[in-house]
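Okay, thanks everyone, let me get the structure up on the screen.

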Amino acid sequence: MELHRLAIRALFVYCFLLGLVRLSGKRTVSGGTTFSFVFALILGDLIDDALWAEVPAAQFVVAAGTLGIAHLIVSGLAARSEWFDDLVSGRPTEVIADGRPQRRGLRRERISDKELAFEVRQHGIDDGALAEVMSAHAEANGGLSVLRAAWARPVQRRDAGRLRKPRTP
């Protein structure tokens, strides 16, 4: 393939995909949902085929455009229907409750004790301090959300007023 043709194809694919991803919405590139990952994975393969001229540009546009429209429909339905969102994205799974690991949730999400400890440390909670965790969930995007028990939350400036003792003359 001549280099200038490759450059033109690359520029064409770049511009088309930039528009397609912008139309798909910000969550498409945020590492968001399962269907966003599938969209990106298939789109990546289509890009390869288009860049190396394994398919004509018109076929690339139809395939990528169809994929983009399907993604818009799925994300639109997921935004309007909790049931459909649960179907395509999944639901959060509780992995810690009241400072205790939930074995059923950990097995379901295939999270080992070492992984759980790592994820909890990422939230500033030391090993052996799970009692500080009121609840933790493996979210639909794969991340772990952690809610600390009220007594374990870091002191905030607004707490200072409650902690000061009135001065006696």
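Predicted model: local features only at pLDDT ≥ 70, side-chain atom pairs only at ≥ 80, totals over all residues.

As for length, H2 has 18 residues and goes 26 Å from first C-alpha to last, close to the 26 Å you'd expect at 1.5 Å a residue.

What about H3? Buried in H3 are Phe60, Ala64, Gly65, Leu67, Gly68, His71, Gly76 and Ala78.

Okay, the pair together. In general, you describe two packed helices by the angle and the distance between their axes. Here, the axes of H2, residues 34-51, and H3, residues 57-80, come within 10 Å and cross at roughly 175 degrees. Anything over 145 counts as roughly antiparallel, so H2 and H3 are roughly antiparallel to each other. On the H2 side, the contact includes Phe35, Phe39, Ile42 and Leu46, and on the H3 side it includes Phe60, Leu67, His71 and Val74. Which classes of residue make up the contact of H2 with H3? It's 13 nonpolar, four polar and no charged residues.

Alanine 53 comes after H2, in the loop between H2 and H3. Its phi is positive, near 55 degrees, and this isn't a glycine. Alanine 53 is partly exposed, at 37% relative accessible area.

The other one is aspartate 98, with phi near 50 degrees, again positive in a residue other than glycine. Aspartate 98 sits in the loop between strand S1, 93-97, and strand S2, 100-101. Buried or exposed, then, for aspartate 98? Exposed, with a relative accessible area of 54%.

Let me zoom out to finish. The chain has seven helices and four strands, and from the N terminus the order is α-α-α-α-β-β-α-α-β-β-α. Of its 169 residues, 28% are buried. And if you take contacts with a separation of 6 or more, 52% of them are between residues 24 or more positions apart.

Note on methods
Residues numbered from 1 in each chain as written. Heavy atoms only, no water. Axes fitted to C-alpha atoms, helices over the stretch in contact; angles between N-to-C directions. Helix = DSSP H or I, 4+ residues; strand = E, 2+ residues; numbered from the N terminus. Parallel < 35°, antiparallel > 145°, perpendicular 65-115°, else oblique. Contact = heavy atoms within 4.5 Å. Nonpolar A, V, L, I, M, F, W, Y, C, P; charged D, E, K, R; others polar. Expected span 1.5 Å × (residues − 1). Buried < 20%, exposed > 50% of the residue type's maximum accessible area, 1.4 Å probe, protein only.
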